[in-house]
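These are my notebook entries on a single chain. I set down what I looked up, in the order in which I looked.

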Amino acid sequence: MKFLATITLVISFIYFSLSAPVMAANSEDINHLLQDNWCVSFLWKQCDLSRADFHDTNLKNANLSGANLTGINFQGADLNGANLSGTDLTGANLEKANLYRADINRANLTNTNLTGTRLLEADLTLANLSNANLTDANLLEARLWGASLAGANLSNASLHGTNLEYANLADTNLSGADFHSFSFRGYKQETNLSNANLEGAVITNTDLSGVILRGTILPDGSIND
């Protein structure tokens, strides 16, 4: 009898665990962001916007520092100049969003969809972009110093003048990525991959000429002098 009672209890626990509602965004935090254009986390209070839908929303210069943005939908949203530093964007959808000059340093963007996203001059210092989809993303002059891009898809991404110093690009897909340095009216911004890790990366149709590769671990595991 005790055995049957135990089995019944376990089955009931599993049933209620699976049928329990998934926790989502805090409605007050959503209203706060839409009305005041900010929702930051501090001390004991965390801004929770997880799985909220903000597609095509104008959030220019919004302050979301430290917020929980897991699974959020920012598809096509305007986040120009927004502060997303220290946020958790795991599994978020940022396809074709505008993140021009956004502050995304130390953010967690694991498994995030950044297809066709505008990340020009964005600050992604020490950000975690492991397994993120950055296909066709524009990272012109973006800062990814020390960022983790392990397993990420950067195929056909624009990386003109991007700072990837000390970044981890192990096992990334860089096929067709554009690394060319560019000149504009005498000003030249070089793409920097010095001390970055490219071991196992796919570089089909990728031209690395003119890129700073000082101390870089190349796809075959060798270190460039």
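**Entry 1: Thr70**

I began with Thr70, which is in contact with Ser50, Arg51, Asp88 and Thr90 once its neighbours within four places in sequence are left aside; contact means heavy atoms within 4.5 Å. Thr70 sits in the loop between α2 and β1. Helices (H or I, at least four residues) and strands (E, at least two) are DSSP runs, numbered from the N terminus. I noted a C-alpha to C-alpha distance of 6.2 Å between Thr70 and Arg51, which are 19 residues apart in sequence. Thr70 counts as buried because its relative accessibility is 17%. The classes are buried under 20% relative accessible area, exposed over 50% and partly exposed in between, with a 1.4 Å probe and protein chains only.

**Entry 2: basis and confidence**

I record that this is a predicted model, in which local features need pLDDT of at least 70 and side-chain atom pairs count only at pLDDT 80 or more, while totals for chains, interfaces and linings use all residues. Residues are numbered from 1 along each chain as its sequence is written, and side-chain values use heavy atoms, with hydrogens and water left out.

pLDDT is the predictor's confidence in each residue, from 0 to 100. I found a mean pLDDT of 88 for the protein, with 86% of its residues at 70 or more. Confidence is lowest in helix α1 (residues 2–19), at a mean of 42, and highest in α2, at 90. Over residues 1–22 pLDDT stays under 50, and the model has one contact beyond four places in sequence for them. Where pLDDT is low, the predicted coordinates should not be read in detail.

**Entry 3: the ends of α2**

I looked at the start of α2, where a side-chain oxygen of Asn26 comes within 2.8 Å of the backbone nitrogen of Glu28. Just after α2, Asn37 has a positive phi of about 65 degrees.

**Entry 4: the disulfide**

How many disulfides does a search of the whole structure find? I found one, a disulfide being a pair of cysteine sulfur atoms within 2.5 Å. Cys39 and Cys47 form it, with their sulfur atoms 2.1 Å apart. The disulfide is right-handed because the torsion about the S-S bond of Cys39 and Cys47 is about 110 degrees. Cys39 counts as buried at 2% relative accessibility, and Cys47 counts as buried at 0%.

**Entry 5: aromatic pairs**

Rings of Phe, Tyr and Trp (its six-membered ring) pair if their centres lie within 6.5 Å; planes under 30 degrees apart count as stacked, over 60 as edge-to-face and the rest as tilted. By this rule I count two aromatic pairs. The rings of Phe54 and Phe74 have centres 6.0 Å apart and planes at 35 degrees, so this pair is tilted. Phe54 and Phe74 both lie in the loop between α2 and β1, 20 residues apart, and both are buried. Trp145 and Tyr166 form a tilted pair, at 5.5 Å centre to centre and 55 degrees between the planes. Trp145 is partly exposed at 29% relative accessibility, and Tyr166 is partly exposed with a relative accessible area of 44%.

**Entry 6: Thr57**

The side chain of Thr57 reaches the backbone oxygen of Phe54 at 2.9 Å. Not counting residues up to four places away in sequence, Thr57 touches Leu34, Ala77 and Asp78.

Note on methods:
Polar contact = N/O pair within 3.5 Å; in protein donor to acceptor, adjacent residues only side chain to side chain.
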